[in-house]
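Look at the charged side chains in the structure below.

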Amino acid sequence: MKKVYATATEALEGLLRDDMLIAAGGFGLCGIPELLLQAIKESGVKNLTFASNNAGVDDFGIGILLKTKQVKKMISSYVGENAEFMRQYLSGELELEFNPQGTLAERMRAAGCGIPGFYTKTGVGTVIAEGKEHKDFNGETYILEEGIFADLSIVKAWKADETGNLVFRKTARNFNPPAAMCGKLCVAEVEEIVPTGSLDPDTIHLPGIYVHRLIQGDHEKRIEQRTVRKREEA
Amino acid sequence: MPWDRNQMAARAAQELEDGMYVNLGIGIPTLVANYVGDKDITLQSENGMLGMGPFPYEGEEDPDLINAGKQTITELNRTAYFDSAQSFGMIRGGKIAAAILGAMEVSEKGDLANWMIPGKLVKGMGGAMDLVAGVGRVIVVMDHTNKHGDSKVLKECTLPLTGKNVVDLIITNLGVLEVGHKGLHILECADGVTHDDIRAATEATIV
């Protein structure tokens, strides 16, 4: 089965519809599926819900879809870097569901593993626990969190082979594997697609079983906070 | 003289033991890394890395290598990378020995508020709720009072909580307080600060 497509738009053909739930990989602007997000913007699809740790910045990442008002709801742990997001949220145009970061990651991972719910200590005694089932195990209280079963997953990896086996690079892995796992279908964008057989099977981070469509493209890979030290400090 | 930011960070570093895996929050906690000395400490960055190195030299920044504050960093020879689910798996699973975090308020029962001020811009809790619920020991580093001079060490937190009964140790510019069953214990005063000074600046019960 052919997984490799020429462009992000072609890779998304037939997969997008209004009101869908999309799980997106990335942390801040690191390891985000920037080409697929751009193609989703150009498709004009709307009322989207995104499960994504962050919401990008005003002109990059999910931020570009906020600007065009294609997003109805965000499920995120931290949205601090986006002025347009705040404007829409405060004016009631945009729904927001805060999840603790680890709970968000596990909700994706769990769904991808066929687990509809799990108990966690995270958030017990806070607003996060309100309205959720509480249960004691060995004298400690836990709350029930539910898996996120997404309609579509979009992720970014460093390398892929033609069967969709993925290799990530450094901290750009982040939410990409759990996001890839939790969707009915997953589209991945990578910096390089190598011939099948040229990746060492022991170094594959996400097996191609989770990846249905694939594109190679040029990535801007924007840095959000450039921090450096001076050479003389060495 | 109350401690300054660096002295508070240096005091927090004394709490770390050889071989520990530790998560440092943003702000003063980040400075703790400068004071671990010869101790073998491995820093976790919850976006998916153990063995976090210093900022890169100019020109060597890598967009694929950032910390949880989204700053460019470097790797060490011991570094390991993993995904966010595994990262919080090791946090939730109690594998991280300690987290050193900033705070807006701490209560005498060890409740922590550090993510939200109602009516102000809400940015989100990020990984803070997972960290305080999961790690072995939670050490808070913060100023003892706010800019109006009000105590940040309270009987009950007034702000929405990050975690309930999660804080073990509070290090402020005035000294070190331990969270006990019946209230806070003063373990140490900053140079020139007395127990009475700390009591006067603290709304919480000190036993």
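What follows goes through a few salt bridges, chain by chain.

The model is predicted. Across all chains, a search of the whole structure finds 27 salt bridges.

One of these is in chain A, where the side chains of A:K184 and A:D151 meet with 3.0 Å from N to O. The two residues are 33 residues apart and the pair links distant parts of the chain: A:K184 belongs to strand β10 (residues 183-194), and A:D151 to strand β8 (residues 150-161). Their surroundings can be compared by accessibility. A:K184 counts as exposed because its relative accessibility is 61%, and exposed means over 50%. A:D151 counts as buried because its value is 18%, and buried means under 20%.

In chain B, B:E15 forms a salt bridge with B:R11, and the closest N and O atoms are 2.9 Å apart. B:E15 is buried, at 16% relative accessibility. B:R11 is buried too, with a relative accessible area of 8%.

Another pair in chain B is B:K164 and B:D111, whose side chains meet in a salt bridge of 3.9 Å, N to O. B:K164 is partly exposed, at 46% relative accessibility, whereas B:D111 is buried, at 3%.

Salt bridges can also share partners. In this way A:K156, A:R169, A:E191 and A:K221 of chain A are joined with B:D62 and B:D64 of chain B into one network.

Technical notes: Residues are numbered from 1 along each chain as its sequence is written. Chains are lettered from A and ligands numbered from 1 in the order in which they are written. This is a predicted model: local features need pLDDT of at least 70, side-chain atom pairs count only at pLDDT 80 or more; totals for chains, interfaces and linings use all residues. Side-chain values use heavy atoms; hydrogens and water are left out. A salt bridge is a side-chain nitrogen of Lys or Arg within 4 Å of a carboxyl oxygen of Asp or Glu. Helices (H or I, at least four residues) and strands (E, at least two) are DSSP runs, numbered from the N terminus. Buried means under 20% relative accessible area, exposed over 50%, partly exposed in between (1.4 Å probe, protein chains only).
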